[in-house]
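Here's a quick briefing to read with the model open beside you. Take it topic by topic and find each spot as you go.

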Amino acid sequence: MTRTLRLLLLCWALCLTGGVARAQPPEPSARVVIVSSDTAVAYAQAAQAVVDTLVRQGVARSDISQVFASELVLRQQSGLPLCPAVCVALGSEATRVLLAGPVKSPVVSALIPRRSFERLLRSSGKAGSALVSAIYLDQPLARQLALVRLALPQARRLAVVLGPESSAFAANLRVVAAAHEMSLQDVTVNNLDDLAESLPQLLAQSDVLLALADPLVFNSSTIQNILLSSFRARVPMVAFSPAYVRAGALLALYTTPVQAGQQAAEVVLGILRGRPLPDRVMEPNDFEVGVNTQVARSLGWSFDVDVLRQALRRQERLP
Amino acid sequence: MKTLDIRTRMLLAALLPLTLITTLLAAAFLTVRFDDLQTSYEQHNRSVVRQIALASEYGLFAGNGQQLQALAAGALHEADVRRVVVMNSRGQTLASAGEAGPVPTLAMSASEQQGFIRQAGLDWLVQPVYPSEVQLDDLFEKNAVEADRQPNQLGQVVMVFSRQSVDARKARMLITGGVIGGVGLLFGMALAVFLSRGVIRPITRITRLVERIGRGDFAAAEQLRDRDTDHDPLQVLQGHIHLMADRLAQARGELEQQVALATQALREKKDEAEQANLAKSRFLAAASHDLRQPTHALGLFVSRLAQLPHDAQTGALIGNLEASVRAMQNLLDGLLDISRLEARAVQVNKRPFALATLFDQLQQDLSAEAAEKGLRLRLRPTDLWVMSDATLIYRVLLNLVGNALRYTERGGVLVAARRRGSGQVVLQVWDSGIGIAPEHQQAVFAEFYQVGNAARDRTKGLGLGLNIVQRTVNLLSHSLTLASQPGRGTRFTLCLPWVASQPFLADDMARDKAAPDDLAGRSALVVEDDTLACSALAGLLESWGMRVATAHGPVAALQCLAQGEMPDVIVSDYRLQDGLTGLQLVQQLRQQLGQTTPACLMSGDTDPAVIQAVQAAGLTLLHKPVRPAKLRSLLRHLLMTPPGQRPTGAALS
C-alpha cells in the first residue's frame, strides 16, 4: 500500500519536473541536461537526486533541463543543436544516444553496468574521447568480497558461475579472492544445460555463491532454480541487486539510483566549477547492503545491514 | 385409417406430451450433466498435469530423476491417471510411472497438447515445463536481446488419463435418468389412466344410454338416473339426455296413441265398409236369386214354347221373347261369373285342346249377331293346340269377340292364332271399331266400365265382359295385352302355351253333336220346390223324350223312390224345403237307391260357400237361369260317361 502510494507520489513529481522540462525545452543556454534512458522509476529517482544536489549547491534550476533519450533522438534528427556545459546520461540507452549524437559537451553517464559501457565504447568508436565518464552500477569485486568476509567470516570457498560476458573476470577474481583469504570455485557455462549440470557439483564444494551480473546465467527464469539449488545446498548467495534479495538471495550489495544521482551531481558540479572531466570510469562511492531476513533466519544467521554498510565504508575509508 | 376409440384417444392425449416432455427433459439434463462431467474431467486432467509440470520444474532443472520419479508415482494417486512420463528438454525420459501402454511419442512441444486414443479410451496430455519467471526489476537487465528471448523449456510432462470412471459415471447417470424417467412415465401413465377413467366412464355410460335409447329402451334413462352421483363430470349432459329420453318416450307414447286411435277409426271405417259391402252382396245375391228363379222358369217356358208349332207372327214374337230372355240370362250369367271369380270358385282344368273347336263354336254362337249388324266375323282356320282350360278360354273369347262386335259399326272382326317361336300361341282378336283412347286402356278392365256408354244402354252390355276376361286370364296365368287407336280399332292379344296336336283326344262337343237324341227314353227325377220352375223343367226334359218324375220336396222325392222309381239321373234344386239342401238330398237318395246315380244341382244362389260345398261333394251345380242347351249337354255328359270319369265339381252355367 505504502509502496503504491510512494510510486504515485513519484509519478506526480516526475510529471512536475518532466512537465517543466517539456514546457520549457532545454534552451541552448541550459548548462546541465539530464538524459534519462526511459521512464523507469530508478532513472526518475536518480534524475531528481541530480537536480536536488545541484540546486542545493547553488546551480539555478533554470540551468538544468531534463529529457528522455527518445526525445533527444527526435531533437537531433530535427537538427536542433544542444550545447550545454555538461550532460548527464542515466542508463545505457541515454549514454548510447549521447555518444552516437553530435553532442560536444562532456557526458557523465550513471546507472550503467560495466559491460554495457564497455560495449558502447567499443561500438561508438569514441574510445579515445575524454568527453565521457561513467559511474558504474556494478560494485567493485573487492567491496563484494569484503562484504562476504564481513558477513560470513567462516566462508572460505567462494563459488562463482561465469557466463560468456563475465568469464573475463575470472583471473581478476581469483586474485581478489586470494587477497580476501578465500579460494575461488568457478565454473563457466555457455548454456542452461551446463548450468543445471554443473551447479550441484559447484555448490557442493562451496561455502558461498557470489552472483556476478551475466544475463545468460542470472536472469528472471534461471534465478529461481539457482536460488533453490543454493538453498538446498545451504550455500547462501550474495547478489548484486535488491531484486535478488527479494527473490531469495541472502545478501546483496548495490548502489541506489539516488546514490548514483548524487555521485553524478558531484561530478557535474566539479565540471561546472571548471575542473576537468574525471577518469573515464568511476566505481560507485556509495552503496547499500540488502538482506533477506527470512532466508537468513532459515540458514541460521542474522545481520544488521547498517552495521555491515558502515563497516564496509570504514574499510574503504569512505566518509 | 382405423378410428381410435375415445379411451385410446384420451390416453394418447395425456401420454404423448408426458412422454415427450419426460424424454426431452431427461435428454436435456443428461446432456448437460454429461457435458459437465466431461468438462470437469478435462479440467481436472489439465490441472493435474499443470500441477505435475510445475512440481517437476526444479527436478527437471536439476535433472533429479529420483525426485521426478517420486512425483510421477505420487501423481498416479490422482483420479483417472494411468501413466505419467517426465521428459527433459532433450527428450530423455527422466521418470515414468503407471501401466505400460500406448503413449504418444511426441517431439518436444512448446505448447500444451492433448489427444484421445479411441481404442483404449485414454486421453493424453502434454504439458511443457518452463522455469518460473521471477521479476527482476534491476538495471542490469536492460538488454533487448535478452528480453525478447523465449524462456528455455526444461522438458515436458506427458500424462495419460482413462475415461473409464467418467464413462462409468455417465452410464450410472444414464441408468438413473432412465429409471427416474421411466418411473415418472409410469406414474404419469397411471395418473392419466386414473383420471381419464373418470371421464371415459361417464361417456361410456352415456354412450350405452344413448344406444339403449336408440333401440327404444327409454326406461334405461330412468335406471341410470338412480345411480347418478353428484360428482359425475358429465352430469349436465346426462341430465339433458334424460330429458331427451323423457321427451322421446312421451312423444312416442303420444304417437302410439294417435296411431292406435287412427287405426281404430280405420278399422271402424273398414268394418263399416265391409258391412256395407256385405249388405250389398247379400242384397245382390238375394235379388239375383229371386230374379233367377222366375227368369229360369221363363227361359224354360220360352224354350218349351219355341218347340211348339206356331204361325209366323207368333214365331217372330217368340223369337223376340227368346232374345230378351237370352239378354237377361247373359246379364245374370255375367254377374254370376264375377261372383264366382271373386269367390275363387272356378276350378281350372287345364288340358290340351284344339283351337279349331273353339273357333267353330264361336262361329256358330256369334255369326248370327255379326250378321245382324252387318259385320264380317272371320275366324282364321288353325290347327294349333294349346294347353289351357277350354271352357274358360271359350268364355274369354266369347267376351272379347262379343265386345268387338258390340263396339264395331263397320268392317269386321278377325280372330286369328299363330305360333310364336318361344313355345307360345298368340291368339288375337282384331276389330275395326271405335277403339279405346290410351287414357281408358287401363280402365276398360274395371267392373261396369264402358267406353262411350254414359246412358247405360243395356244393349251394349253391362260392362262386365273385360273384367271377367281379365280375371279369368289371371286365373289361368296367361297374359293379355291391349293395343288400340281411337277410331281405328282394337287388338287384344292372348298368349297361350303351345302343345303338339293330339288327334286321339276326341272333342266332347263334337261328339255331343254327333248324337243329338241320346237322352230319349232315359228317366229323370226332378226335385224343385218352385212349382213353375218344376213344371217348366219337367216339360223341357219331356220334350227331349225323357221320362220325368217330379217332387216338390225331399219327402216327395223319397216317396217317389219308394214307389219304385229308378231314375237314371237326379236333377235337384239346391235350396229345398225343411232346411234341407239338394246336396244332402242327393246323398240320401243315392243311399236309398244303393248306387251313385248321376245327379246335378241347380241354384239361384251365387254364394261362393254353396259353390264350394257342391264342388267338394263332386257334383255339378247349374246356376239359374239354366240354359236349356247347357242342361241338355250336361245331362248327356252325365248319362254317357261312366261314373269314375265324370268331371267333378265343374260348375257350369
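Let's start at one residue: Glu71(A) sits in helix α3 of chain A, which covers residues 69-77. Keep in mind that everything here comes from a predicted model. Ser36(A) is 35 residues away from Glu71(A) along the chain, yet their C-alpha atoms are separated by 9.8 Å.

**The two chains at a glance**

- Chain A has 319 residues, and 47% of them count as buried.
- You'll find 13 helices and 12 strands in chain A.
- If you take the contacts in chain A between residues at least 6 apart in sequence, 74% join residues at least 24 apart.
- Chain B runs to 653 residues, with buried ones making up 29%.
- Its secondary structure comes to 16 helices and 17 strands in chain B.
- For chain B, 70% of the contacts between residues at least 6 apart in sequence join residues at least 24 apart.

**Nonpolar cores**

- The largest nonpolar core holds 133 residues, and Val35(A), Val88(A), Ala249(A) and Met159(B) have the most contacts inside it.
- Helix α2 of chain A (residues 41-56) is the top contributor to this core, giving nine residues.
- What does Val35(A) touch once you leave aside neighbours within four places in sequence? Its contacts include Val67(A), Ala69(A) and Leu72(A), as well as Cys87(A), Val88(A), Ala89(A) and Leu90(A). Ala94(A), Val97(A) and Leu98(A) are also in contact with Val35(A).
- Another core lies apart from that one; it has 44 residues, among them Leu525(B), Val571(B), Leu621(B) and Leu638(B).

**Around strand β10 of chain A**

- β10(A) spans residues 251-254, with Leu251(A) and Leu253(A) pointing one way and Ala252(A) and Tyr254(A) the other. All four of these residues are buried.
- β10(A) runs parallel to β9(A) (residues 237-239), and two bridges join them. Across that pairing, Val238(A) stands opposite Leu251(A).
- To get from β9(A) to β10(A), the chain passes through helix α10 (residues 242-247) of chain A, making a right-handed β-α-β crossover.
- β10(A) also pairs with β12(A) (residues 288-291), this time in the antiparallel sense over four bridges. Here Leu251(A) stands opposite Val291(A).

**Where the chains meet**

- How many residues of each chain are in contact with the other? The count is 24 from chain A and 20 from chain B.
- On the chain A side, the elements giving two or more residues are α8 (192-204), α9 (223-232) and α10.
- α9(A) gives the most to that side, with five residues.
- By residue type, the side of chain A that touches chain B splits into 13 nonpolar, 10 polar and one charged.

**The hairpin in chain B**

- β7(B) (residues 376-379) and β9(B) (residues 412-420) pair in the parallel sense over four bridges. Leu377(B) has Val413(B) as its bridge partner in β9(B).
- β9(B) is joined to β10(B) (residues 424-431) by eight bridges, and those two run antiparallel. One spot to look at is Ala417(B), which stands opposite Leu427(B).
- Together β9(B) and β10(B) make a hairpin with three residues between them. Gly423(B), in the turn, has a positive phi of about 70°.

**The five-strand sheet in chain B**

- This open sheet has parallel pairing and the strand order β14-β13-β15-β16-β17 in chain B.
- Which strands are at the edges? They are β14 (547-551) and β17 (620-623) of chain B, each pairing on one side only.
- On average, and with direction ignored, neighbouring strands of the sheet are turned by 20° against each other.
- β13(B) (residues 523-527) pairs with β14(B) in the parallel sense over five bridges, and Val527(B) stands opposite Ala551(B).
- Helix α14 of chain B (residues 582-593) packs on the sheet, where it touches β13, β15 (569-573) and β16 (599-603) of chain B. The direction of α14(B) makes about 150° with that of β15(B).

Technical notes: Residues numbered from 1 in each chain as written. Chains lettered and ligands numbered in written order. Predicted model: local features only at pLDDT ≥ 70, side-chain atom pairs only at ≥ 80, totals over all residues. Buried ≥ 20, exposed ≤ 12 C-beta atoms within 10 Å, placed from the backbone. Pairing = 2+ DSSP bridges. Right-handed = clockwise from strand over helix to strand, strands pointing away. Contact = placed C-beta atoms within 7 Å. Nonpolar A, V, L, I, M, F, W, Y, C, P; charged D, E, K, R; others polar. Axes fitted to C-alpha atoms, helices over the stretch in contact; angles between N-to-C directions. Core = buried A, V, L, I, M, F, W, Y, C linked by C-beta atoms within 7 Å.
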